Every structure is written in C-alpha cells, then in structure tokens.
Amino acid sequence: MNYGLESGITRFRHRRDRLVKVVIAYKDWLEKYAEVEPPQLLRLFDLTESLKKDRLMLAFVAEFSRGKTELINALFFSDFKQRLLPSDAGRTTMCPTEIFYDSDTEPYIRLLPIETRFRDDSISTLKRLPIEWSTISLDVADPSAMIDAMRKLAETKVVFKVEARALGLWDENDPNLAYMVKDQDRVEIPAWRYALVNYPHPLLESGLAILDTPGLNAMGVEPELTVSAIPNAHALLFLLATDTGVTQSDYEIWNKLVSKHASQHYAVLNKIDMLWDELKTPEEIGRTIQRQIESTASQLNIPTANVMAISAQKALVGKIRKDADMLQRSGIQALEVMLAREIIPSREKIMRDAVVREVGPLLAETRDTARSRLLAARQSLMDLHALSGKNQQIVGQMREKMQGDKHLYEETARNFNVTRKIVAQQGWELLSHLDDDRMDTIIEESMMAINDSWTTAGLIKGMHLLIRRMGAEFDHAQQQGGGIKQLLDAAYQRFHDIHGMERMDPPGLDLSRYRARLDELMVNTQEFCADPLNIMLEKRFMVKKFYIALVTQAHIVFQQVRLETETWLRLTLDPIVTRIKEHKAQLEHRLENLNKVHANLGSIQERSAAVSHDMVSIKSQLDRIEAVTKEFSLLTGAAFRPLEAAS
Ligand SMILES: Nc1nc2c(ncn2[C@@H]2O[C@H](COP(=O)(O)OP(=O)(O)OP(=O)(O)O)[C@@H](O)[C@H]2O)c(=O)[nH]1
Ligand SMILES: [Mg+2]
C-alpha cells in the first residue's frame with residue numbers, strides 16, 4: 001500500500017473531480033439561463049477536459065546507479081510483484097522515460113530512435129509525430145511480456161565512433177566517456193533517445209506522471225531535459241547512495257539541476273541496507289545512518305530533516321512479500337508521506353490558479369447578472385404597485401419617462417459599440433504582434449545573428465537577440481493592454497454615472513510571469529556557456545541542440561503569452577457586453593408592463609401576479625448560481641463579495 005502517497009493522490013483526484021463538476025454546473029447554468037456565445041461554452045468544456053488530463057510530474061534525478069529506477073519500482077510498481085522497470089548495477093536506464101496514463105489509447109511503450117538526433121527537431125515536436133516512434137503495445141496481463149518490453153529502456157547499440165560523434169554522443173577527448181568504448185573503432189550508445197510509457201496504474205490514472213532519467217552524461221546530451229523537462233517538473237527527487245556518498249558529479253547535478261529549481265529541497269539517501277550490519281546493534285546502525293544523513297545535509301547545505309534515508313530495494317522486496325517489518329525498516333513510508341504533503345498541494349495550487357483565472361471573473365459576473373435580474377423584477381413589482389389607483393394619464397407619463405430612459409440607455413449602448421469596435425481593433429492589432437509568423441521572424445533573426453557560428457559566443461549573441469525581441473513584443477502587448485483597459489474603464493464609468501449600472505473592475509493584463517521565464521532562459525544559456533565541458537570546439541553539436549531546446553521553450557512561452565492575452569481580452573470585454581444586453585432586457589420588460597397597464601388599467605393585479613411568478617424562477621436561478629459560487633470558492637479559495645454587500 002502506498003500510505004501517504006496513495007491517499008494523497010486519491011484526495012487530489014477527488015478534488016479535481018469536484019472542480020470539474022462545478023465548472024460543468026456553471027456551464028449548464030449558462031446554457032439554460034444566459035445568452036452566451038457558443039465559443040464561451042466550448043472554452044468551459046475544454047477547461048474541464050484539460051483538468052481531467054492535468055498531470056503532476058515527478059522527476060527522478062541523480063547520477064547513474066543511485067537507485068532512481070529501483071525507487072520508482074518500489075513507489076509505484078510493487079503491485080506488479082516483480083521488478084518492472086530494468087534496474088541493474090552500472091548504467092541501466094539509457095533514455096529519459098516518461099511514465100503516465102492516457103485513457104485515450106491502449107497501453108504502450110513508445111521509443112524514439114537515437115538517430116532522430118540527426119534532425120533539428122526538439123523532442124516536444126517529435127512527441128506530436130507518432131510515426132517517428134517505434135511503438136510496442138503492452139499486454140498488462142502478461143508480466144513476462146511486460147518485462148520484455150520494458151527491457152528496451154536499457155537497450156544500447158554499438159556503432160562506429162564517427163557515427164556516435166555525428167550524433168553528438170562521442171568525443172575522443174572527453175575522459176568521462178571512456179566507459180562507452182567497445183573496441184578501437186566502435187562505441188556503445190543508447191538505442192533510444194526518449195521513451196513514453198502509457199501504463200494503467202491507479203496513481204498514474206489519478207494524474208501522476210513520472211520522469212525517470214539516466215545519469216549525468218546522458219543529461220548533458222539531451223539539453224531539453226535540463227532546459228525544460230526538469231525545470232518544468234512539479235517536483236524533483238534527488239538521489240544519493242550510501243556506498244558512494246556525495247561525489248563530485250552528484251554535487252554537480254544537485255547544484256545545476258536540483259537546488260535552483262525545486263522550491264523545497266529534499267535529498268534521498270538510498271541503499272541504507274548496505275549499512276545493516278548483523279554484527280551491530282540496531283542503535284549502532286541507526287547512529288551510522290544518522291551520521292551519514294548529517295554529512296549529506298551539510299554537504300548539500302540543507303537541513304538534516306530534508307535528507308530521507310531509505311532502501312529502495314528493501315522497500316520493493318518488503319512490498320512484494322508483504323513484510324511489514326522490512327517495509328518499516330526501508331524508511332520509504334516517510335518519503336511517501338513527504339511526497340503527499342509537499343508535492344500534491346503545490347500541484348493542486350497550480351490547478352486551482354488556472355481555474356480561478358479562467359472562470360473566476362466570469363462567474364462573478366454571472367452571479368451579478370442573476371442578482372440584477374432579481375432586483376429588476378422587484379423594481380417591476382414596485383412600478384406596478386406605484387401604478388395602482390393612478391389614472392391613465394399618469395401611467396402615460398410614467399411610460400414616457402421610461403421610454404426616455406430606454407432611449408438614453410440605447411444611446412449609451414450605441415456609443416459603447418464604438419468603443420467596442422476600437423477595442424476589437426486594438427485587440428486584433430495586439431494579437432497580431434503575438435502570432436506565429438512574428439515568432440518565426442524573431443527566430444530567423446536570431447539564427448542570422450548566430451550566422452552558423454555554433455560556438456558559445458554565437459549562442460549568447462543569438463539568445464540575447466531572441467530574448468530582447470520577444471521581451472519587446474511582450475512590452476508592446478502590455479502597453480496596448482493598458483490602453484484597452486483605460487478605454488473600457490471609461491466606458492464602465494459612463495454606464496455607472498448615467499444609468500446607475502454597478503461598477504466593474506476588470507483585471508489588467510499582466511505578463512510579468514512570462515518575462516521572468518525569458519530571463520530564466522537567458523540564465524540557462526549563460527550557465528551552459530560557462531560550463532567548461534561546453535566550450536570546446538567539438539561541442540558545436542551540443543550548442544546547436546541546446547539552442548533548439550531553448551528556442552522550443554521560448555516558442556512555448558510566446559504561445560502562452562498569446563493565449564493569456566486572448567483570454568484577458570475576452571474577460572475584459574465579454575462581461576460588459578453581457579451586462580449591457582441584460583440591462584436592456586430589463587428596461588424592455590418594465591416598459592412592457594407599463595404598456596400593458598396603460599392599455600388596460602384593470603390588468604395591474606394580473607401583471608403583478610405574473611411578475612411574482614417569474615420571481616420564483618429568478619430566485620431559484622440565483623440560488624443555483626449561488627450554490628455553484630460557494631462550491632467554487634470552497635474548492636479554489638477564490639473570494640467573491642457577499643451578495644448583500646453587492647447591492
Ligand atoms: N543494496 C541496495 N541496492 C540498491 C538499492 N537501490 C538500488 N540498488 C541497486 O543499485 C543498482 C542501480 O539501481 P538503479 O535503480 O538501476 O539505478 P539508477 O539510478 O536508475 O541508475 P541509471 O538508470 O543507470 O541512471 C541496481 O543494481 C539496484 O539493484 C538499495 O536500496 N539497496
Ligand atoms: Mg535507472
């Protein structure tokens with residue numbers, strides 16, 4: 001059983017399902033009671049779909065043979081009753097391996113041939129091209145076939161040095177690569193570049209995804225890992241082993257990849273069973289382990305409480321054999337509790353924030369609309385009440401006044417249409433600065449700056465230009481966004497001043513997160529260039545690969561900015577359009593009452609009864625949206641103003 005982790009992920013899934021339900025309830029409400037445009041409903045539907053697919057990425061990072069794969073087996077695959085993923089002495093996992101569950105397809109393992117390194121496509125591009133991958137279907141009911149398939153993750157092949165060199169995997173002058181040599185002319189290289197495993201496991205079905213990585217050298221050869229996969233993982237587990245301690249290369253990995261990315265720094269000290277000496281008392285062994293925890297903590301400069309001592313191997317055996325004592329001694333439970341306590345809440349926050357950004361303002365607006373419907377119905381009743389006992393002439397005067405109000409309102413609404421057109425025009429202009437063509441031009445310019453000089457100096461030059469140009473587009477967008485907001489604020493103010501419409505305060509466009517991400521990419525570049533391993537002339541291949549990884553990331557950031565800007569434009573414009581329509585409908589309704597009463601003074605009673613009847617249904621609409629808001633607020637922590645205060 002995965003104590004803390006399993007129940008933590010179950011709770012995560014439960015809350016995610018509730019969040020999906022509440023968004024669906026909101027969408028249903030809109031469909032039933034509001035005149036919203038189909039694209040808005042579609043977006044809500046898309047949001048629920050992407051929530052269901054939302055994953056929590058846990059990456060395992062360490063030097064080779066520290067037990068990453070063994071720990072993954074122990075944490076997630078013990079129900080398999082065998083060692084599912086290949087784990088062995090020496091270098092075992094040959095390619096980065098993503099393990100997840102996708103219910104849209106049957107279980108599979110997909111392998112990207114190492115030769116794709118000859119191409120200039122990033123792995124994230126290749127992920128969208130299944131044809132480039134070699135796919136094996138997994139028969140989860142057949143353990144030996146499963147294990148056979150998983151062996152592929154450790155597959156290597158022997159090639160001539162020239163080929164390995166052309167693939168950017170071999171450098172005669174690099175003593176760290178000596179282990180690859182097979183004979184005079186040939187070296188052993190990984191057969192695959194990347195692996196995707198779609199496997200139906202309850203934790204993976206709940207949205208957990210795992211990234212197993214090979215040791216350091218392999219990280220170096222696939223820059224996408226260091227530039228995107230590892231920094232974008234929601235949590236990192238860094239492993240050390242008791243028999244090796246903190247070696248220079250362990251420390252480098254910690255320093256380069258782990259310590260600056262994860263917000264919480266934990267290290268897993270694995271293989272404590274190697275210290276289980278039967279000639280020593282448990283207390284003596286405990287002290288030895290404690291000493292090693294302390295020295296690890298001081299070398300990594302983290303609190304001792306953040307070093308978790310475990311034995312992945314004994315945990316796996318303990319789970320398979322259902323040996324509670326061994327499981328207890330393995331120390332894995334504390335690690336599982338930590339994962340449940342630290343990782344899941346931060347993942348949940350990301351999910352909540354996304355939903356609040358997308359739905360929060362719309363929901364607040366819908367709720368205000370529902371409430372204004374009720375207020376308008378009350379007003380209608382009061383109008384009718386005021387009419388009783390009046391003669392036709394007075395009713396006629398009231399009707400004229402109301403008609404005047406309506407005309408004035410229509411006038412303001414027409415004026416607003418002009419504002420709306422300007423906003424649409426400016427919005428279009430703004431988005432045109434963020435389209436793919438613009439990004440392509442920026443990339444081209446940056447490539448020209450590099451001018452085929454794939455040295456670190458060329459790289460820095462190209463990246464500087466890329467980031468400066470992208471930053472300028474973001475600034476431009478931010479500035480245009482400010483202008484649009486001013487226009488809309490003035491329009492809101494007019495509706496408020498002239499027609500007593502409630503004030504609205506649309507949020508501004510904030511792209512600072514994306515600027516920060518650009519800065520991070522520049523830091524990545526500088527670090528890469530400062531690394532002595534990467535400045536030798538032979539590393540041209542690496543520089544190019546690194547550049548491609550960076551550009552892919554930059555492109556993603558650019559697309560995110562466009563999406564964020566599109567959403568923002570919608571969220572600032574849609575609510576006021578809805579509100580104007582709603583207000584007009586309410587005025588028309590009141591005028592209709594006056595018309596009817598004017599035509600037949602005796603119909604006041606009947607009209608009042610009809611309005612009271614409508615009020616029951618309006619009240620129930622309001623109750624429903626109020627229930628949706630309450631649940632939404634409970635799940636996301638988003639605050640909505642109380643309805644009374646809103647009046
Ligand atoms: N004694 C002992 N051996 C372990 C433990 N965990 C892993 N090992 C062994 O250490 C070796 C390496 O384990 P792996 O899981 O393959 O290590 P890795 O970090 O995935 O290594 P690469 O895939 O090469 O990067 C294997 O022989 C494991 O059986 C442990 O807790 N105790
Ligand atoms: Mg491994």
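Contacts in the chain, to begin with: of those with a separation of 6 or more, 81% are between residues 24 or more positions apart. Two residues are in contact here if their C-beta atoms, placed from the backbone, lie within 7 Å. This is a predicted model, in which local features need pLDDT of at least 70 and side-chain atom pairs count only at pLDDT 80 or more, while totals for chains, interfaces and linings use all residues. Residues are numbered from 1 along each chain as its sequence is written, and chains are lettered from A and ligands numbered from 1 in the order in which they are written.

Next, the overall layout. The C-alpha atoms fill a box of roughly 110 × 60 × 45 Å along the principal axes. The chain has 21 helices and eleven strands; these are DSSP runs numbered from the N terminus, with helices being H or I of at least four residues and strands E of at least two. Of the 647 residues, 37% are buried, meaning that 20 or more other C-beta atoms, placed from the backbone, lie within 10 Å of the residue's own.

Now the ligand. Ligand 1 is surrounded by 23 residues, and the closest are G67, T69, S87, T93 and Q313. To be near the ligand, a residue must have its C-beta atom, placed from the backbone, within 6 Å of it. By class, the shell has six nonpolar, ten polar and seven charged residues. Nonpolar covers Ala, Val, Leu, Ile, Met, Phe, Trp, Tyr, Cys and Pro, charged covers Asp, Glu, Lys and Arg, and the others, Gly among them, are polar. Helices α3 (68-76) and α12 (312-320) each supply at least two shell residues, and α3 gives the largest share, three residues.

Those two helices also pack on each other. The angle between α3 and α12 is about 30°, with the axes 8 Å apart. Axes are lines fitted to C-alpha atoms over the stretch in contact, and angles run from 0 to 180 degrees between N-to-C directions. α3 and α12 are therefore roughly parallel, the label for angles under 35 degrees. On the α3 side, E70, L71, N73 and A74 meet A312, Q313, A315, L316 and K319 of α12. That contact has five nonpolar, two polar and two charged residues.

α17 (residues 456-499) and α19 (residues 540-599) pack at about 5°, with their axes 11 Å apart. α17 and α19 are therefore roughly parallel as well. Their contact has 19 nonpolar, seven polar and one charged residues.

Key. A residue is buried if 20 or more other C-beta atoms lie within 10 Å of its own, exposed if 12 or fewer, and partly exposed in between; C-beta atoms are placed from the backbone. Angles under 35 degrees count as roughly parallel, over 145 as roughly antiparallel, 65 to 115 as roughly perpendicular and the rest as oblique.
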